[in-house]
Amino acid sequence: MGAERLRTLRTRLLSLAAVHSDRRVNEELAGADARKWHYAVLATLDEFGPASQAQLSDHTRIYRSDLVAVLNELTERGQVSREPDPSDRRRNLVTITAAGHRQLHRLDEILARVDDEIFAPLDQRQREQLTTLLSLLVERPGEPPQQAEELPQHAVKPAATGRRTAGAVRRTGARPAKTEQAT
């Protein structure tokens, strides 16, 4: 075991947990010939419906230049389609296809299994509490946390499986990270 300060430094613990989680998610998605960004786009389109590339970038926090490559991959696989927007022919609307819905369902199952694996040491109440706390860190970066009893109702929007979907994460206005976000 490392030094006491390393065992209690929350930012380090969060980073180590994220690295482990990220590795497992990437491994499992690779087995389904997918990446986190694929999942983020498919889940967002499923939740919000057809969207422009700019809207998808905002919802998924994927840089627009990186999003083009992701959309090209998903289009080649028949999982999304891009058509001119009838209200503005200069931009495209991206829509999830039937094949995209099938892939999303498959990825949801894979990610649920990884989620159960990663969080096996926690009971359901602890998992919900962790989701609430992590949501505060993601949705309100740099702001002082509210007391637990004052948490806004929108802080956690669990899906039917108890997991948050990629689309449930609110855009904070912060510039998205260049690297893939942990799912």
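This is a predicted model: local features need pLDDT of at least 70, side-chain atom pairs count only at pLDDT 80 or more; totals for chains, interfaces and linings use all residues.
Arg24 is buried, with a relative accessible area of 13%, and it touches residues of helix H6, as the notes below show. The chain as a whole holds seven helices and three strands, and 30% of its 183 residues are buried.

- The average pLDDT of the chain is 81, and 75% of the residues score at least 70.
- Residues 145-183 are the stretch to read with care, as the pLDDT there is below 50. Beyond near neighbours in sequence, this stretch still has 74 contacts in the model.

**The overall layout**

- Starting at the N terminus, the order of elements is α-α-α-β-α-α-β-β-α-α.
- Of the contacts between residues at least 6 apart in sequence, 59% join residues at least 24 apart.

**The nonpolar core**

- In soluble globular proteins, nonpolar side chains tend to be buried together. Here, the largest nonpolar core has 27 residues.
- Val41, Leu45, Leu56 and Leu107 are the residues with the most contacts inside this core.
- Five elements each supply at least two residues of the core: helix H2 (10-31), helix H3 (36-48), helix H5 (64-76), strand S3 (88-96) and helix H6 (98-118). Among these, H3 gives the most, with seven residues.
- Setting aside neighbours within four places in sequence, Val41 is in contact with Leu56, Thr60, Ile62, Leu67, Val70, Leu71 and Leu74.

**Where H2 meets H6**

- H2 and H6 pack at an angle of about 150 degrees, and their axes are 10 Å apart. The crossing of the two helices is right-handed.
- On the H2 side, the contact is made by His20, Ser21, Arg24, Val25, Glu28, Leu29 and Gly31. On the H6 side, the partners are Arg106, Leu107, Ile110, Leu111, Val114, Glu117 and Ile118.
- Sorted by class, this contact has seven nonpolar, three polar and four charged residues.
- Back to Arg24: leaving out neighbours within four places in sequence, its contacts are Val114, Glu117 and Ile118. The C-alpha atoms of Arg24 and Leu111 are separated by 9.5 Å, although the two residues are 87 apart along the chain.
- Gly31, also in helix H2, is exposed, with a relative accessible area of 64%. Its C-alpha atom is separated by 9.6 Å from that of Ile110, a residue 79 places away along the chain.
- Asp115 belongs to helix H6 and counts as partly exposed, because its relative accessibility of 25% falls between the 20% and 50% cut-offs. From C-alpha to C-alpha, Asp115 and Val25 are 8.6 Å apart in space and 90 residues apart in sequence.

- Ser57 is found in helix H4. Ser57 counts as buried because its relative accessibility is 6%, under the 20% cut-off.
- Apart from neighbours within four places in sequence, Ser57 is in contact with Ile62, Tyr63, Arg64 and Leu67.

- Most residues other than glycine have a negative phi.
- Asp33 is exposed, with a relative accessible area of 52%.
- Arg61 counts as buried, at 15% relative accessibility.

Methods. Residues are numbered from 1 along each chain as its sequence is written. Side-chain values use heavy atoms; hydrogens and water are left out. pLDDT is the predictor's confidence in each residue, from 0 to 100. Contact means heavy atoms within 4.5 Å. A nonpolar core is a set of buried Ala, Val, Leu, Ile, Met, Phe, Trp, Tyr and Cys residues joined through side-chain atoms within 4.5 Å. Buried means under 20% relative accessible area, exposed over 50%, partly exposed in between (1.4 Å probe, protein chains only). Helices (H or I, at least four residues) and strands (E, at least two) are DSSP runs, numbered from the N terminus. Axes are lines fitted to C-alpha atoms, for helices over the stretch in contact, and angles run from 0 to 180 degrees between N-to-C directions. A crossing is left-handed if the near helix is turned anticlockwise from the far one by less than a right angle, and right-handed if clockwise. Ala, Val, Leu, Ile, Met, Phe, Trp, Tyr, Cys and Pro count as nonpolar, Asp, Glu, Lys and Arg as charged, and the others, Gly among them, as polar.
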